[in-house]
Amino acid sequence: MAGRGADIGVYGLGTMGSALALNLADNGFSVAVTNRESDWIAQFVAEAGPLADRLVPAESLEDFVAAIAAPRTILFMIPSGAPMDEMINAILPLLGDGDTIIDGGNADFNDTRRRFARLEGSRKHFVGMGVSGGEEGARHGPSMMVGGSEHSWQQMRPMAEAIAAKFEGIPCVARLGSDGAGHFVKTVHNGIEYADMQMIAEIYGLLRDANGETAPEIGARFGRWAQGPLSSYLIEVSAAALQTVDPETGKPVADVILDQAGQKGTGRWTIIEALKMGQSASTIEAAVGARGWSSEKAVRVMAEPLLPAGTEKVEIPGDDDLQAAMMAGRIISHAQGFRILDAASKDFDWHLDMAQIAEIWRAGCIIRSALLDELAEGFRGELPQGHLILAPIMRKRLQVTLPGLRRTLSAAINLGVAMPTLSAALGWYDTMRRGRGTANLIQAQRDFFGAHGFERIDMEGKHHAEWRPL
Ligand code: 6PG
């Protein structure tokens, strides 16, 4: 390595950057490393154990760039937003033809498109790469969604494939399209992540508030679910979390956590971009909204004795129905997420391969689940109108799970337990499966008060009605 330079440079030794650098070193690559706070560098190398031999620490940006073999591949793991633009300004003068810089953070894909366009034609390349799987994934195998030039992909591919999670030996990384494609797909991944987390929380809420189950009991139930068709990382996480005890109080940790959820913005971006494209992903929207409502703790506490609760005492559905509800909701939230990807693919000319996206989400990422393998199969097979819920394999699943979703929701509605995301899933499903909807009345209303016009089912052209007066 000495004469040739490092295979790759990693700038930013926070949690994710350190883990990716060690993963690369573990896979035999030499890695130049640096960090804005230079005192982190020596400590990182000191803690790397035997992998330190493959790390090339550099304190200045100049030394860092010089330590990497040309054409260079440089991965930035730094906060998204302004810091990335500042880094590009600082590093560009030091780069040579064919060099690629990669932003591996959770960036807004609009920024990624702008940055890609800035470098386009300069013989230096910008890649936006979504990395999923948290610290553990980054260290031992993340799922990675790459957007950028074919040149950059060929350059980085051997390293990306080596460090990626593997599903039956297949690396969970791919170049999905140009410019912002990778970051966009990661954003939608996070939107689906929000919906899945919220649906699990809604079922937890039903069991806790209407069935009096304890956190460990619900955790044990989720643990069983994780062995079946619902098998997924997020169910496993929920099962383990609910069964964890707080050493301070001896209570389940979940019981002592304040019920206000944080968010960094990617779920919200999914909705914003969906709406801009005339799409809607109601399950993701409901999940983002639910995090927002959770922050209104004081109002909720005040409202509890003031506002009437559910009225009827009904039985909680059985375990099979609850699992079915979760499965139907999961299918629908994924279907909505993939619709957004489809719309964006057309708008931005990315030619996204939906089956490939489902495939690289099968391992390493936060939403990995047994369902994703079926979705990939669905996308590879017959897919009327490009719609996942119409794929034969999904239709079969929906047929058996929808009754459970309906029973779960009707119990929750009568008991006054909120299930905004699962309700949104059913609302969309029942809309999409009905040939004759109700938008005819919306059009009538629009024409009535605004003369907006409407199309008729029996005649061509635009029409107005002589509406009966109020
Ligand atoms: C992943 C995750 C990750 C995300 C966190 C936190 O795929 O590894 O999506 O990228 O940052 O899950 O997201 P929120 O703070 O918005 O919940």
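Start with helix 8 (residues 181-209), which gives five residues to the shell around the ligand, the largest share. Helices here are DSSP runs of H or I with at least four residues, strands are E runs of at least two, and both are numbered from the N terminus. The model is predicted: local features need pLDDT of at least 70, side-chain atom pairs count only at pLDDT 80 or more, and totals for chains, interfaces and linings use all residues. Residues are numbered from 1 along each chain as its sequence is written, and side-chain values use heavy atoms, with hydrogens and water left out.

**The ligand shell**

Next, select the 13 residues around the ligand; Ser-132, Lys-186, Glu-193, Tyr-194 and Arg-291 come nearest. A residue counts as near if one of its heavy atoms lies within 4 Å of the molecule. The shell holds two nonpolar, seven polar and four charged residues. In this scheme Ala, Val, Leu, Ile, Met, Phe, Trp, Tyr, Cys and Pro are nonpolar, Asp, Glu, Lys and Arg are charged, and the others, Gly among them, are polar.

Now show polar contacts (pairs of N or O atoms within 3.5 Å). A side-chain N or O atom of Lys-186 sits 2.8 Å from a ligand oxygen. For Gly-133, a backbone N or O atom is 2.9 Å from an oxygen of the ligand. At Gly-134, a polar backbone atom lies 3.3 Å from a ligand oxygen. The protein covers 79% of the 420 Å² of accessible area that the ligand has on its own (Shrake-Rupley method, 1.4 Å probe).

**Domains**

Colour domain 1 (8-179), domain 2 (187-432) and domain 3 (439-470). Their bounds come from an automatic or database domain assignment. Domains 1 and 2 both give residues to the shell, so the ligand lies between them.

Select the open sheet of eight strands, in the order 3-2-1-4-5-6-7-10, with mixed pairing. Strands pair if DSSP finds at least two bridges between them. Strand 3 (55-57) and strand 10 (173-177) are the edges; each has a single partner strand, so one side of each lacks a neighbour in the sheet. Zoom in on strand 5 (residues 100-103) and strand 6 (residues 125-132), which run parallel and are joined by four bridges. Asp-103 has Gly-128 of strand 6 as its bridge partner.

**Two backbone stops**

Go to Ala-70 and Pro-71, joined by a cis peptide bond with omega about -10°. Pro-71 is in the loop between helix 3 (61-66) and strand 4 (73-76). Finish at Gln-385, a non-glycine residue with a positive phi near 60°. Gln-385 lies in the loop between helix 17 (370-380) and helix 18 (392-415).

Notes. Polar contact = N/O pair within 3.5 Å; in protein donor to acceptor, adjacent residues only side chain to side chain.
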